[in-house]
Amino acid sequence: METREFNFDGLVGPTHNYAGLSHGNIASESNKAATSNPRQAALQGLEKAADLARRGFPQAVLPPHERPSITALQSWGFTGSNDARILEKAARESPALLRAASSASAMWTANACTMAPSSDTADGRAHFTPANLSGNLHRSIEAGFTETLLKAIFKDPDHFQVHPPLAGGEAMADEGAANHTRLSCRPSGKGLHLFVYGRSALDSTIAAPSRFPARQTLESWQAIARLHALESEQTLFLQQSPKAIDAGVFHNDVISVGSGRAFLYHEEAFAKEQAIDNLKRSFEHLSGEPLQLIPVSASQVSLKESVKTYLFNSQLLQKPDQSFLLVMPAECQESPVVKALCSAWLDDPACPISELLSFDLKESMRNGGGPACLRQRILLNEAEEAALAGRLILDDALYNDLLKWINRHYRTELHPGDLADPLLLEESRQALNELTRILELPPIYPFQQ
């Protein structure tokens, strides 16, 4: 039975804005209070997904979360006779909480969950654990809807198991697949799950960063590996370098990316020198074949330049000839050192990267998210693909419907003060109501219940 890797890209929400809510995300903090263009953001993300789909890489989409989240505001004690009054009260009493409730950060679906394909799990089902995202207030409110959404899409119990987000607060802080990489010689074969953590909640001997927070704990990954019924030889836990985190590498997908049997990484990505040797041994022990490593030294590209360009937040997509396409943000082509390095890869017959493709994702990049942030890798066999609910797999017809939908409903400018506008909430709800019909999903939003 054929197994294909889908990239599920998150549709950017109608309240895409620059609130600077994410401490440690330099791009997000640097653009705080700037005017955003939600329509352009959504179109940029959709164009990337559609282009890759036309090139033969399976693509699907996930709908945005409702924002502003009236549910979150009510849970924080804001009340009123109607939703407009709740917004008004929040804007008056705590603009910061209103910004948190209005964040469109769920578009970065790399943080939505962690999945293990059925080829890897003991019960032969695909497993999903929504990320609790407990490290940031504005992202922690995503977990409940993510669970609802995953259960609506992957609802067939014969094929799928959707777990609840991890309980346990900061000790079980989980940021999802942005800190997880699955490596395998073939899609349907056993995969090695690389879980990267920033700190331990229970082991004080593990060093932590000093400037920015480490968002993922070792204990959360160990829990997810158990929940997904992975064997010990299929898992490897590596600590992210505290130096890298303090340089603005808030997730591991900002400093390394892997797919298939290829792994692109910065030499300062991990805390211990033997990390890459451990990764090589684990992969070879599981698969019987060598891992194709693509190292980048600090002399080639500094940590600062890595964060500025998001080189490692690219997507590695395996082509039919087993070489790889590297999907980069346009900023990589604007950096002389990164551009030169990428050109050298194409000239090196030993390098598995055979093609480069860049996209203008500036609206997302200004908030701290590149191509890899916008997608969740999900492996499905033919039976699981047939069991998917909704109309999510991106083809030309769905692309055209989504293009018209975005142009019909999204604003071209959004200022920080607009978040309190009841009309924005109404516009967003109208858009999401229509989107659920386009995607053939059941009522999934709180306002639809």
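Let's start with arginine 411: at 18% relative accessibility, this residue counts as buried, where buried means under 20% relative accessible area, exposed means over 50%, and partly exposed is in between (1.4 Å probe, protein chains only). Keep in mind that this is a predicted model, where local features need pLDDT of at least 70, side-chain atom pairs count only at pLDDT 80 or more, and totals for chains, interfaces and linings use all residues. Residues are numbered from 1 along each chain as its sequence is written, and side-chain values use heavy atoms, with hydrogens and water left out.

Arginine 411 has a partner, aspartate 421, and the two form a salt bridge with their closest N and O atoms 3.2 Å apart. A salt bridge here is a side-chain nitrogen of Lys or Arg within 4 Å of a carboxyl oxygen of Asp or Glu. Aspartate 421 is partly exposed, at 26% relative accessible area.

A search of the whole structure turns up 25 salt bridges. Among them, Asp51, Arg55, Lys319 and Glu355 are joined into one network by salt bridges that share partners.

| glutamate 175 | arginine 215 | 3.9 Å |

Now for glutamate 147 and lysine 151. They both sit in helix 7 (residues 143–153), and because they are four residues apart there, about one helical turn separates them. Helices are DSSP runs (H or I, at least four residues), strands are too (E, at least two), and both are numbered from the N terminus. Glutamate 147 is buried at 16% relative accessibility, while lysine 151 is partly exposed with 41%.

What about glutamate 175 and arginine 215? Their side chains form a salt bridge too, with the closest N and O atoms 3.9 Å apart. Glutamate 175 is in the loop between strand 5 (160–162) and strand 6 (180–183), and arginine 215 is in the loop between strand 7 (192–197) and helix 8 (218–227), so the pair ties together parts that are 40 residues apart in sequence. Glutamate 175 is buried at 1% relative accessibility, and arginine 215 is buried at 7%.

Finally, is histidine 16 buried or exposed? Histidine 16 is buried, with a relative accessible area of 1%. You'll find histidine 16 in the loop between strand 1 (3–10) and helix 1 (26–30). Leaving aside residues up to four places away in sequence, histidine 16 touches several others, including Ser36, Asn37, Met107, Glu363 and Leu414. Contact means heavy atoms within 4.5 Å.
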